[in-house]
Amino acid sequence: MRFDVVSIFPEYLAPLELSLIGKARQDGILELNVHDLRDFATDRHRTVDDTPYGGGAGMVMKPEPWALALEPLAQASAADVPDPVNRTEAAALLDPEVRAEAGDRSGSDGQGSQAALVKPTLIVPSPAGDVFTQQLAQELSTEDRLVFACGRYEGIDERVLEWAADYFTVRPISLGDYVLNGGEVAVLAMVEAIGRLLPGVVGNPASLIEESHSDGLLEYPVYTKPSTWRERSIPDVLLSGNHAKIAQFRRDEQLRRTVARRPDLIAALDPALLTKTERATLAELGYAVVGGRLQRH
Ligand code: 6GU
């Protein structure tokens with residue numbers, strides 16, 4: 001999978017050289033290129049911002065440097081296509097007029113030569129975007145290429161996002177309901193969450209299955225040696241060697257924790273996907289199925 005990040009602070013992305021993501025890059029599982037937006041500025045001061053039309057606080061990112069930075073990243077997806085016939089088709093796709101004539105075949109059946117015509121996704125980190133979730137990370141991890149456009153100041157001139165839609169599937173995405181100074185920290189989080197889902201990035205794939213949010217619940221608590229530490233012992237069942245009981249204990253803990261900390265996740269569960277035992281635990285915790293949904297009673 002290939003990631004491209006455009007930012008005025010390329011150094012901000014340095015942590016992606018470390019740990020599992022850094023290793024995945026060395027192993028060739030993941031390619032990540034960081035591009036300095038200022039390299040695409042059109043004046044000798046390398047200006048990337050200007051005052052907002054209509055007045056107001058702060059500065060807005062100028063459109064032209066963004067277009068110049070993003071254009072080659074849309075083109076690259078055509079050049080990446082190995083088959084020369086498809087390469088021609090893909091290059092044609094990048095020309096909006098050619099695409100209009102062809103009736104915009106992108107996003108069609110995804111088979112054979114059509115696969116070459118998929119636009120790369122352009123992720124625009126923004127507190128005004130769709131919320132980033134484990135499910136979204138999973139969806140994005142199946143793409144060949146992701147481009148991230150890191151805004152700073154009050155944001156990017158809106159026309160850039162309209163223009164970019166001819167070349168990319170544009171997705172404003174938010175980490176949650178709080179405000180960061182720019183998209184870079186959000187990109188660190190998203191690249192890590194997406195990158196670790198790629199085959200071979202996390203050593204033991206089983207650890208991807210039993211973690212928070214992978215099944216809509218929070219993770220169960222974990223313990224290691226010593227079995228008693230500062231007068232605190234671990235739950236007895238974990239020393240029992242009874243694997244069925246241990247699995248039951250862990251599932252109950254997941255449900256207890258999720259009820260206590262994230263009742264919104266309980267409300268979002270599909271009761272039909274729960275076992276009888278799980279529904280019994282939830283009943284003890286005060287939840288019952290009402291009209292196909294779990295509700296407090
Ligand atoms: Cl993705 N960007 C910025 N600037 N602030 C945020 C965010 C993203 N998600 C939450 N706050």
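**Exercise 1. Which residues in α9 and α11 meet?**

Solution. The model is predicted: local features need pLDDT of at least 70, side-chain atom pairs count only at pLDDT 80 or more, and totals for chains, interfaces and linings use all residues. Residues are numbered from 1 along each chain as its sequence is written, and side-chain values use heavy atoms, with hydrogens and water left out.

Step 1. Contact means heavy atoms within 4.5 Å. Helices (H or I, at least four residues) and strands (E, at least two) are DSSP runs, numbered from the N terminus.

Step 2. On the α9 side stand Gln248, Arg251, Asp252, Leu255 and Val259, which meet Thr277, Glu278, Thr281 and Leu282 of α11. The residues of this contact divide into three nonpolar, three polar and three charged. Here Asp, Glu, Lys and Arg count as charged; Ala, Val, Leu, Ile, Met, Phe, Trp, Tyr, Cys and Pro as nonpolar; and the others, Gly among them, as polar.

**Exercise 2. Describe how the axes of α9 and α11 cross.**

Solution. Step 1. Axes are lines fitted to C-alpha atoms, for helices over the stretch in contact, and angles run from 0 to 180 degrees between N-to-C directions.

Step 1. The axes of α9 (residues 243-261) and α11 (residues 276-284) come within 10 Å and cross at roughly 45°. Angles under 35 degrees count as roughly parallel, over 145 as roughly antiparallel, 65 to 115 as roughly perpendicular and the rest as oblique; α9 and α11 are therefore oblique to each other.

**Exercise 3. Determine whether Ala280 is buried, partly exposed or exposed.**

Solution. Step 1. Buried means under 20% relative accessible area, exposed over 50%, and partly exposed in between (1.4 Å probe, protein chains only).

Step 1. Ala280 lies in helix α11 and counts as partly exposed because its relative accessibility is 39%. Its C-alpha atom is separated by 9.9 Å from that of Asp252, 28 residues apart along the chain.
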